[in-house]
Amino acid sequence: MLYKNQSYYDSMILSQLEDKVGKNNVKIKTIDKLAHAVDCYWVPRVWVDRGEKPILPDYVVYPETTEQVSQIVKIANNHKIPLTVWGGGSGSQGGALPIKKGIVLDTKKLNRIININDSAYTVTAETGIIHQNLEWEVNKHGFSTMHFPASISCATLGGFLGHRGVGVLSTKYGRIEDLIINMEVVLPNGDIINTLEVPSSSCGPDLNQLFCGSEGTYGVITKATIKIFDEPQSRKFRAFMFQNLPDALEAGRKIMTRRLQPSVIRVYDEEETADLIERVLGVKKNGCYLVFGFDGYEEIVDIQEKIAVDICKETATEDLGPELGESWWENRYKFYYPPYLMDLPKAFGTMDTVATYDKIEKIYWGMKEVVESYPGTKFIAHFSHWYEWGCIMYDRFIMHPDYVPKDPDEAIRLYNELWNKAIRVALNNGGLLNDHHGIGLKMSHLMKEQYGPAFQVLKNIKKALDPNQIMNPGKLGL
Amino acid sequence: MNIVKYQQVIDSCRFCYMCRHVCSMARVTNEEEMTPRARALVLSMVLRDAEDYSEDIAESIYQCCLCEYCKEWCQGGWDFPSAVRAARVDLVKEGLVPEVVQNVKDSLMKFNNPYGLDGPISSELQEIISQNTTPAETLLLFGSSVIYLSPEIGLKVVSLLNKANVDFMVLEKEATSGYELYNLGYLEEAKEKMVALVKSLKMSGCKEVVILSGSLHYLLTGELKNMELELEGIRVYHVTEYLLKLISEGKIDLKEGLDKKITYHESDYLARYSKLYDAPRKLIEQIKGANYVELGWNKGRARSIGSALLKNTYPELAAKLLKTRLDEVIESGADILITSSGEDKSSLVNSPDKPSSLQIVDIVELIDDLS
């Protein structure tokens with residue numbers, strides 16, 4: 001039977017897809033498509049909030065095996081149908097939106113755990129698994145992935161790999177691309193390939209890192225082996241108040257450059273301390289809130305913590321003790337539930353950038369100036385993932401609803417203008433477009449500007465792998 | 001539209017993914033459109049006239065099993081299941097209710113159960129009902145799942161009440177409580193049935209009601225006040241609470257022990273509606289010699305196996321829920337799975353995924369057998 005409004009050609013494609021994955025795994029109802037037409041990007045959200053219809057894919061397909069992924073990709077290639085990979089759909093950059101319609105390949109039925117290796121401390125899983133489910137499973141065996149992003153409950157392993165995601169303990173345990181051992185990928189021509197067994201070698205460029213962050217433009221990551229860790233014997237947190245941002249950032253820098261190996265450092269600027277920290281943790285304080293944590297063997301943790309406390313006490317205005325550090329850990333996901341999370345009718349965006357210590361503060365003040373030049377708009381930031389050489393700034397702008405145009409086109413235009421101006425402050429001062437949310441649709445147009453001539457490398461790889469440009473078109477500047 | 005009252009909930013949930021991994025239906029189907037946020041998104045579009053209610057939307061809204069896991073999990077405190085109920089009221093008014101739902105409604109109205117069963121009632125149970133309609137202070141409410149699916153539980157509870165010398169009565173004919181109709185969106189019919197139930201309880205002259213059904217327990221202890229009805233002084237016990245009371249009063253003595261590994265599954269109604277965790281566990285603690293293990297997901301976070309409504313509307317989805325719960329039971333290594341609902345016992349016993357070595361028994365049966 002032909003589905004409503006479908007042409008013979010569409011029904012032929014539908015039949016081919018159903019032939020490969022089964023009728024129950026191909027969805028063409030509007031309600032199924034709608035679920036894949038809006039992610040966490042502000043633009044489609046404001047679009048539907050204003051009563052507009054989002055761009056729908058033509059088909060939503062749920063493969064259950066890598067071979068089925070390969071067959072779907074081949075169908076897309078044969079007919080030159082755009083194909084967008086959808087994991088959890090929780091990305092904030094529009095990376096999973098099927099903006100050219102076509103096929104959405106939802107990976108969530110590729111969710112099996114294949115092996116937990118208690119000798120090599122790795123877990124191999126299909127990449128459609130929701131990461132929290134993966135974490136719960138390895139927990140049963142006494143391990144942890146130590147990958148705890150805010151989106152752990154909704155994003156997939158493949159989504160993290162595709163966007164180079166980070167968890168709150170990344171400062172010690174690494175980002176997702178640091179956790180990867182090897183992966184299986186379906187290329188745009190349908191070939192199934194594997195990267196090398198281990199991630200460290202002198203065997204040419206690292207294919208793992210080529211596909212990490214490729215946002216579904218180079219292929220579909222279908223399986224991955226990542227590191228797992230023992231649960232720590234001890235995990236401790238401590239919080240301090242600082243009079244101002246430079247003092248708090250300097251304390252964080254010293255903790256890192258003295259190589260104390262904290263699992264986490266977070267510094268909240270004065271505005272975010274006054275707003276979010278107070279609402280979620282109930283701490284009403286002036287100044288900047290800093291929380292750090294250490295984990296591992298208790299004796300080592302105690303020494304690491306003592307040195308970090310001494311560093312903070314040099315300039316901190318108040319030692320808030322372990323309780324307010326631990327409550328931050330216990331409430332680490334609460335920030336992301338409405339009403340604690342920013343939501344419409346405000347306009348808002350997270351422009352997380354990363355830079356070296358000598359540049360990050362200048363970027364902060366520069367972006368703040370640009371953002372706050374817009375009426376009714378404030379800028380807040382925290383510094384949440386730290387390296388020996390620098391840190392990331394998780395900065396956000398929030399525009400009061402009164403200043404957000406009612407017309408959705410105008411609202412989006414203003415949003416994009418603000419975004420471009422603010423993120424260029426980072427680009428012009430040694431920062432990058434993004435640290436861990438990806439590029440997606442949102443900043444696709446800025447990739448060439450950021451990379452300069454080096455962008456031809458990414459572009460030529462794309463041409464070689466995907467000559468028909470079917471994979472996630474319109475994203476990543478490719 | 002009825003959902004207008006829930007716009008704040010709907011708008012909060014439409015872009016939020018934080019409960020998708022625990023949503024019962026999303027968990028077992030792995031489909032995006034089964035998540036609370038997908039349902040909220042489409043309802044938000046209906047509210048904005050960007051979508052009209054349709055048969056497809058109706059199917060999606062009725063495929064929510066109303067287990068309330070999302071509400072339990074939400075750190076923002078949003079009650080999305082209430083928005084689903086409100087949407088169902090709209091769908092009833094719009095005449096868009098799926099046929100499978102209409103069939104259950106017809107069964108509730110005609111046969112007083114959601115199973116489409118026009119009897120027969122177990123002859124033993126019928127005899128007990130016939131013999132115990134004389135007014136007494138204690139009124140025993142079986143619920144349709146015990147009457148139609150698991151009469152053995154009814155016989156055992158009567159046995160226990162007799163052992164404890166409790167003078168009890170039952171209703172000559174238990175009508176449907178109205179709560180299932182309420183959850184399906186048939187508000188008027190639901191209210192009519194609830195009024196009739198309250199009236200029959202008041203007219204019976206009883207001082208206390210002992211209930212075997214989780215949904216009935218929640219209706220009488222929780223939802224009734226929202227329908228502006230009250231029992232006026234009649235005390236309501238779930239059967240586990242009542243048996244615990246009888247044991248503490250020395251009226252029931254658990255003479256026998258049980259040298260087995262046992263575990264307990266609680267229904268959605270006890271886990272997340274009534275939040276009745278302690279009484280069943282304290283009752284289980286009375287069993288001598290048993291090795292009790294909690295399932296990994298328990299109390300407010302006990303995994304759902306769906307209610308009678310899901311089982312009788314979308315049985316293939318209910319079967320998936322049952323399988324995942326049984327997998328958990330198997331992983332626990334328990335010899336005996338204890339339930340506290342005739343509905344759950346019947347579903348679990350009849351699941352093709354139940355291992356033959358696993359014994360499934362209602363807590364009432366177990367207590368009677370050991371006393």
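Colleague: Is A:Asp32 buried or exposed in this predicted model?
Modeller: A:Asp32 sits in helix H2 of chain A, residues 30–34. There are 25 other C-beta atoms within 10 Å of A:Asp32. A residue counts as buried when 20 or more other C-beta atoms lie within 10 Å of its own. A:Asp32 is therefore buried.

Colleague: Leaving aside neighbours within four places in sequence, which residues is A:Asp32 in contact with?
Modeller: Two residues are in contact if their C-beta atoms lie within 7 Å. Leaving aside neighbours within four places in sequence, the contacts of A:Asp32 are A:Lys27, A:Val60 and B:Glu33.

Colleague: How far apart in space are A:Asp32 and A:Gln71?
Modeller: In sequence, A:Asp32 and A:Gln71 are 39 residues apart. From C-alpha to C-alpha, the separation in space is 21 Å.

Colleague: Which residues touch the most other members of the largest nonpolar core?
Modeller: In soluble globular proteins, nonpolar side chains tend to be buried together. Here the largest nonpolar core has 259 residues. Those touching the most other members are A:Val61, A:Ile72, A:Leu105, A:Leu290 and B:Ala83.

Colleague: What is A:Ile72 in contact with, leaving aside its neighbours within four places in sequence?
Modeller: A:Ile72 is one of the core residues that touch the most other members. Its contacts, leaving aside neighbours within four places in sequence, are A:Leu17, A:Lys20, A:Val21, A:Val61, A:Pro63, A:Ile103 and A:Leu105.

Colleague: Are H3(A) and H15(A) roughly parallel or roughly antiparallel?
Modeller: Helix H3 of chain A (residues 42–49) packs against helix H15 of chain A (residues 408–428) at an angle of about 160°, and their axes are 9 Å apart. Angles over 145 degrees count as roughly antiparallel. H3(A) and H15(A) are therefore roughly antiparallel.

Colleague: Is the crossing of H14(A) and H15(A) left-handed or right-handed?
Modeller: The axes of H14(A), residues 357–372, and H15(A) come within 8 Å and cross at roughly 160°. The two helices are therefore roughly antiparallel. H14(A) passes H15(A) in a crossing that is right-handed.

Colleague: How are H14(B) and H16(B) oriented, oblique or roughly parallel?
Modeller: Helix H14 of chain B (residues 239–248) and helix H16 of chain B (residues 278–285) pack at about 45°, with axes 8 Å apart. Angles under 35 degrees count as roughly parallel. The angle makes H14(B) and H16(B) oblique.

Colleague: How do the residues of the contact of H14(B) with H16(B) divide by type?
Modeller: On H14(B) the contact is made by B:Thr240, B:Glu241, B:Leu243 and B:Leu244, and on H16(B) by B:Ala279, B:Pro280, B:Lys282 and B:Leu283. They divide into 5 nonpolar, 1 polar and 2 charged.

Colleague: Which helix gives the most to the side of chain B that touches chain A?
Modeller: In chain B, 26 residues are in contact with 34 residues of chain A. Helix H3 (36–47) and helix H4 (55–62) of chain B each supply at least two residues of that side. The helix that gives the most, with 5 residues, is H3(B).

Definitions and conventions
Residues numbered from 1 in each chain as written. Chains lettered and ligands numbered in written order. Predicted model: local features only at pLDDT ≥ 70, side-chain atom pairs only at ≥ 80, totals over all residues. Core = buried A, V, L, I, M, F, W, Y, C linked by C-beta atoms within 7 Å. Buried ≥ 20, exposed ≤ 12 C-beta atoms within 10 Å, placed from the backbone. Axes fitted to C-alpha atoms, helices over the stretch in contact; angles between N-to-C directions. Helix = DSSP H or I, 4+ residues; strand = E, 2+ residues; numbered from the N terminus. Parallel < 35°, antiparallel > 145°, perpendicular 65-115°, else oblique. Nonpolar A, V, L, I, M, F, W, Y, C, P; charged D, E, K, R; others polar. Left-handed = near helix turned anticlockwise from the far one by under 90°.
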